[in-house]
Amino acid sequence: MAALSGLSSESRTLTKTRLIMRLIAVLPTIVLLNVHASGMGQSVTLSGKNVPMKKVLSSVEKQTGYFVFYDAELLSDAKPVSVEAKGMPLERFLDEIVRDQPFTYRIANKTISLVWRRMAADAPAVTAPPIVLEDRPVLALISGTVRGPDGRLQAGVSVMVKKTKKGTTTDRNGSFVIAAKQGDILVFSCIGFATQEIAVGKETSLGEIRMKAAVNELDKTVVIGYGTTSKRLNTGSVSTVDAADLEKQPVMNVLLALRGLVPGLVVTPTSGYASSPVKMLIRGRNNINTLVSSDPLVLIDGMPITTLNLDGTDQSNGANILPNLLRYGIGNTPTGGESPLFGLNPKDIESISVLKDADATAIYGSRGANGVILITTKRSRTRTTDYNVNVSEGISKVLRHYALTDVHQYVAMRREALMNDGYPVNEEFAPDLTVWDTTRNVDWQKALWGGTGKVTNVSTGISAGSGNTSFRLNGNFGRQTEILTISGGSQAINLAMSLDHHTNDGKFITSFSSVYTNGSTSEVAQSGQPMTLPPDAPPMYDSKGGLNYAAWAAAGLQLEGQFPFGSLLQRTKTNTNTLNTNLTLNYRPIKGLEAKVSIGYRSSQNLTQSTNPIAAQNPFNSYNPPTGTATFTGVESTGWIIEPQLNYALDHAGPGRLTILLGGSDQYSTSRYNVENGTGYTNDILLRSIINAPIIAAYDAYGQYKYAGVFGRVNYDIDNKYILNINGRRDGSSRFGPGKQFGNFGSVGGAWILSDEKWFQRILPSYVSFFKLRASYGVTGSDGVADYQYLTQWASGTISGLFPGYGGIARPLESQNAVNQNFHWQANKQLNEGLEIGFLDESRITLVLEHYLNSCSNQLLSYPTAAFTGFTKVTANWTADVHNEGWELTLNGKIIDQKDFTWGANMNISINKNKLASYPNIQNTPYYTTYLVGKSLSEAYLYHYLGVDPLTGQYAVEDMNHDGAISSGQGNYPPMSPANDNRVAINLAPKFTGGMTTNFTYKGMGLSLLFDFVRQMGKNAYYSIGLPGQALNNVPLEVYYNHWQKPGDHKQFAKFASGNSFNYGFITGAINFGASDGVYSDASFIRLSNLSFFYNLPAKTAKRMGMKGCNFYINTQNPFIFTKYKGVDPDLQSFAMPQPKIITGGVSLNF
Amino acid sequence: MNYKKIIVFITLPLILLQTACKKLVTVDEPISSITTQEAFSTDAQATAAMAGVYAPMINGTTMSSNNVYTGFAAGLSTMTGGFSSDELEVFGGTNPLETNQLTGTGFYYVNVIWTSAYKTIYNANGVIEGIAASTSGDLHDSVRKELTAEAKFVRAFAYTYLVNFFGDVPLALTVDFNKTANMARTPAADVYKQIVQDLKDAQADLAADFTYGYGERIIPNKYAATALLARVYLYLGQYDDAAAQASTVISNTAQYSLVQNLNNVFLKNSAEAIWQLKQDSAILAEGTATPEGIQFLPSPTFGNGQLSENLSSELVNSFESGDLRRTDWVDSTDGSVYGLPAGNYYFAYKYKVGSPNFILGGVDKEYYMALRLAEQYLIRAEAEAKGSNGGASAAIADLNVLRNRAGLGPISSGITSDSLWSAVAHERQAELFCEWGHRWFDLRRMGLAHDVLSAMAVKQPWAGDYQFLYPIPTTEIVDDHFLVQNPGYH
């Protein structure tokens, strides 16, 4: 709570804070009162003469926590009571007071029911055979048993008499007893189930009541931190993606399936390779340092993936590297590392919850600052045995192509350029026109990534349940080859298992889940760049199948790095094994109380082998004959987490329902890597083993991370109408130095369902069925830096190898990092307001509008320092306060819901505004010349491109300050300063993002489309053209058609220049152009990110074939993109390998 | 039952948990690195930390690549000083150093001088502070004293180059970034004060012999500190002090003497060496070669040792005829080998091991000479020419010692003071060419720079005398706005 008291610094939220503080003061009192009541147990203290019975009974209720049910009629005949009781046992007390009354009592399930004496003899025992009541409606004890849709006895279902609003909940055996009259309506409700109403008839036993899964969108279960709730009762901002939306996306990384589905979440792949890391950003960028990741915390079945939320460490500095390494792998792998979620099978996932505001994330306290993603794996949901086989096969192709010059245009361009500069077209100045064969016309985009990738997926599994046990087993094999015309592919094997068991009395529940993933990749880097390969460049391979170094050397291009295809033979193979398991033991000793311990274990090992064989190297550029190199890397990360939890639910705590969660979390993880670098191989065959290497260098590192916290949540719910939710957490992390390890976090959230207020119902139009307001405020934190940063570290080597020795000392020690012992938890303050409206019956159409304001101050990051201080960065907290404010709108509806035809649609759109709200002393920081206080962090400050100077043909940018020179201030002036000429501000953050899904089903057929869209500005293909006309520099077609040729031409692109002579004006012109608004343009897109179609064989037909079901489907990923982007891929904004489109077809059989 | 009990009941477990938490978040130390406390817990560890100061100065921090140009003490002072003055030309082209057209946007190698010198200073500060903070009884007083003195010497050495290349520079004397992150530039005079102080401290505490280098001249000793102090006094114009310090070194004939065969001057542990840096011969691209050997000696293939600079005609023509330094320390090669018109291109040949003949992992023949006796004669001669010690005649005598070795006749005793001054300058040029930027510093120090450099064809149009100080790296000004760029650089 200490952290909450600090919130008032935010003036905007001052009044809110006062309210919160008052609530904070009130709430513990409620808690204590109730603890007191139940602590007193079953004894009563009361004294008085002629006390009205009603008063006596309410004292009993208060003191015992028991509830008394009676018929008003019954009390009218009651006599006042004179009693003298001090700590009298309840039953004796009751005997005492009913002695002279016309009624007596019964106790069951902490419920005292008053019944007419004449009825009492006949009152049923819970399991007694049904008894027929008299016609006269009198209060009687009605009993029954409730089962879930899966047939299991269901505890915790609320049973309420509709008229009186008095009620109880089912016990662990699913049974309940309630006092009701014939004709009363009983309302059965529970999170995740459709609310049912049953009228009490003549029989006192209602038998078995089967709950149905919620059809109402509002009553669907929502997974939140350490628990579940429903959309209706949730006080925080949580978006959930269900299995149905994930299963149909043929991607190897489930994160990519989230695109467009979650408002406020921006998912961007780092490259077109299937296993490449994927960046996630929830509600805008918090960090001023672009190198620091804002990735959310990701948990799989409660086990945090700790390697994901770290970034920003420097590859060149060994001691800092560990977390980064685990995430990205060693060195420059072609894929740029591997996403920790690569290979996790989307078909094994039940749901993904994205927690966005403090109310939802504060329970994860210290690590919730960037949001939390909860991945829940599938469990068996049936009482039958289902066997499933699913096979699909497909292809992947490049999605987009950008037109560059063909060979004729290229040759013409080069000739013009050489003529402009006065050079002859000969072997010396134009080998690309004279030595190479200009009759070749290669489209290098096609040649490099015009291949057809193959996509295969086979999965099979069983899901079964009987008695007290149910389980699910599933195996999956997926393989995807790249669109690169040379080889390359990724493969994943998964085995997932879940097991659930409960004892006969339902007191003890065990759940186990385990997901094993093996991912392997074998890739080469994309060789060559379509932008730097002339259409007449010789083939990659020579006639003998070797690399065509000779053709390039013939053109005088024999230096290292000039031949672009060396990497074709430099293969990197990776193999990653990941095991993610969770065991939860659940004990419910008495009604309302649940003791639970959740134990998680995660282990991942990655082996990477990279080779640079002799065959890949330039035979024309070496003094000594080239030798081979091989690097073998092992990375291992294991961790466990233990979280004991105590959950107590009190159905009648004062006017409402109170739920208390207390828990502890203890996490421990270790990471280790070793690198063996072998050099000097004289034969490529030997590269397979380190032992064959003439020179071996090895390096290793090890890191430990420990994390511990206590947390609690208090949820108070009055009539499902007013809901208050308070989270608190105190956390310690080993990433901080002594004295800085602990931090406090918490949140307060509330919801008010206005549609349940009578007065509001009168105002509401009839088509509005649900209206809810909610708000939350809280503080979450982050410890997202590398391990050991508070320690001074001296070492004798880094990842790139050992340091050279000196004198007799082979292993000199060198200080590895700038040390700051004082950095501490980062604190993010988050305010969230939401409006939820349901339209039509059962809220068939829902609208959710959210507004948030997040403030990130005390930022913990890697901060640049001048090199003269010893290092160029240090881990520290900095005073910048970054605000992200935004709106999210979600619209969800079942537009048509008929037996044979349904049409559902979902749309979401998010707007985020990022602002550097304040930065005290910015003038003394490295960001003085990069950021402006009050402006977005994503603002790029650019020259204004004027076009080509009609006289000279050079690129011209505007001299904004009219000083006769073009200057960006060279690090001396802040952006937009009058001293600078780069004063066009372009915000590169998306203006808005969103998605749209629509599903149709007709009988057994279904079609669904998923779009995602982004409105943004981005770097286009002109960024890399430099000076058009140089050798080995291809250009977009529009450059060719719109370039300057003679004085007076008004064109967009410069005069062709050969690059053979140094022309200062042209070069600075090109550099200025590259830093101008001329290379930025609209990079918005609407992408059909998924299109899928299925057909279910009619049940009868399937049955005849011996199946329960048979489903044919076609799933396509990224089939279309609509964009005006001037380049290949508006997501990646470079000429690197783009994301492919994937088309698969398959069949799924159920037995 | 009362409230108090309940409160205790609830809070006690929380308190217990809290206490347990401290343990729950305490981790083991990393395995591949050790803490400062551990690094300075024994004599051997502390010595390894000091080796960690020397090794990157000459070797860089990796075994796998060519370490030429990785630091001010790995050949870079020679290169940039050589280009900026009148010694070196870019082979087949120019660069902004050679033309004295540096701009405020900086130049990579100038930046590397800055960063590498400060890295050396940081490492030295780390040793000084680490030893001072160490309470370990296994780190003995004699070692503490010696290593602290070595670190101070190295710190002074690095600052000497910084202050001469850049003028006023921030004087960072601690590893604590909190104290240095927002430093302004310290006036050069104050930097010099610290240099002198450090050198005096080092002089007092360093061993007099070569014990700590196990007989090799690769660890600075008392005379190294004295020799550098002599140079610093000379640069400061404190001629009496300079002459006195130089005399101390020169008179220690038991340890130091001029090597008469010029081809042997730069051999490892040569009698002329006061301090040499030792390369690690296991470095892949360099082997037994010194940074300058690998850089200057041409090799007919691409890659290392490709002739990327050649001696200027100004330098080659400056030698008197018969000067053995011209014959033994300068060599030439035919340009046609490199695709240029046939003709002689001259290169420095002080070091004889380079690309064509280094041995990977072999036994070194040469070390990289940082301080040598000949300079002490020149320092004393210059101080004497300014009236110290024995005055002009002593100066002439000192110059003649070197001239004699170079096979040249003595300077006549009757020359004017102007001529003597020119003779000193000339002798420094001929003796110390292509060594550690001497010529670049001398031209400026002796007031010759403008006249000599602004007249050179390659430096036309002359940008201005502000070029005599290098620009501070732009990134440093971005990261620390208290730094102000040298005048003239925009």
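Trainee: Why does Asp201(B) count as partly exposed?

Mentor: In this predicted model, Asp201(B) has a relative accessibility of 23%. Buried requires under 20% and exposed over 50%, so a value in between is termed partly exposed.

Trainee: What makes Lys152(B) buried or exposed?

Mentor: The relative accessibility of Lys152(B) is 18%. The limit for buried is under 20%, so Lys152(B) is classed as buried.

Trainee: How do you know that Asp201(B) and Lys152(B) form a salt bridge?

Mentor: Their closest N and O atoms are 3.0 Å apart, and the criterion asks for a nitrogen within 4 Å of a carboxyl oxygen. The pair therefore qualifies. Asp201(B) belongs to helix α8 (residues 188–205) of chain B and Lys152(B) to helix α6 of chain B, 49 residues apart, so distant parts of the chain are linked.

Trainee: What makes Arg155(B) and Asp198(B) a salt bridge, and which parts does the pair tie together?

Mentor: The N to O distance is 2.8 Å, and the cut-off is 4 Å, so the side chains meet in a salt bridge. Arg155(B) lies in helix α6 of chain B and Asp198(B) in helix α8 of chain B, so the pair ties together parts 43 residues apart in sequence. Both residues are buried.

Trainee: Why are Glu427(B) and Arg325(B) said to form a salt bridge?

Mentor: The closest N and O atoms of Glu427(B) and Arg325(B) are 2.7 Å apart, which is within 4 Å and therefore meets the criterion. Glu427(B) is in helix α16 (residues 417–432) of chain B and Arg325(B) in helix α13 (residues 324–329) of chain B, so parts 102 residues apart in sequence are tied together. At 0% relative accessibility, Glu427(B) counts as buried, and Arg325(B) is likewise buried, with 0%. Both belong to a network of salt bridges whose members include Glu272(B), Lys350(B) and Arg403(B).

Trainee: Why is the aromatic pair of Phe992(A) and Phe1013(A) called edge-to-face?

Mentor: The ring centres are 6.2 Å apart and the planes stand at 70°. Pairing needs centres within 6.5 Å and edge-to-face needs over 60 degrees, so both conditions hold. Phe992(A) lies in strand β49 (residues 992–1002) of chain A and Phe1013(A) in strand β50 (residues 1005–1015) of chain A, so the pair ties together parts 21 residues apart in sequence. Phe992(A) is partly exposed at 28%, whereas Phe1013(A) is buried at 12%.

Trainee: Where do Phe157(B) and Trp275(B) stand in the largest nonpolar core?

Mentor: That core has 150 residues, and Phe157(B) and Trp275(B) are among those that touch the most other members. Its largest share, 15 residues, comes from helix α6 (residues 141–166) of chain B.

Trainee: How do you know whether Glu416(A) is buried or exposed?

Mentor: Its relative accessible area is 16%. The limit is under 20%, so Glu416(A) is buried. Glu416(A) is found in helix α10 (residues 407–421) of chain A, and it touches residues including His1043(A) and Phe1056(A).

Technical notes. Residues are numbered from 1 along each chain as its sequence is written. Chains are lettered from A and ligands numbered from 1 in the order in which they are written. This is a predicted model: local features need pLDDT of at least 70, side-chain atom pairs count only at pLDDT 80 or more; totals for chains, interfaces and linings use all residues. Side-chain values use heavy atoms; hydrogens and water are left out. Helices (H or I, at least four residues) and strands (E, at least two) are DSSP runs, numbered from the N terminus. Buried means under 20% relative accessible area, exposed over 50%, partly exposed in between (1.4 Å probe, protein chains only). Contact means heavy atoms within 4.5 Å. A nonpolar core is a set of buried Ala, Val, Leu, Ile, Met, Phe, Trp, Tyr and Cys residues joined through side-chain atoms within 4.5 Å. Rings of Phe, Tyr and Trp (its six-membered ring) pair if their centres lie within 6.5 Å; planes under 30 degrees apart count as stacked, over 60 as edge-to-face and the rest as tilted. Lists of a residue's contacts leave out its neighbours within four places in sequence.
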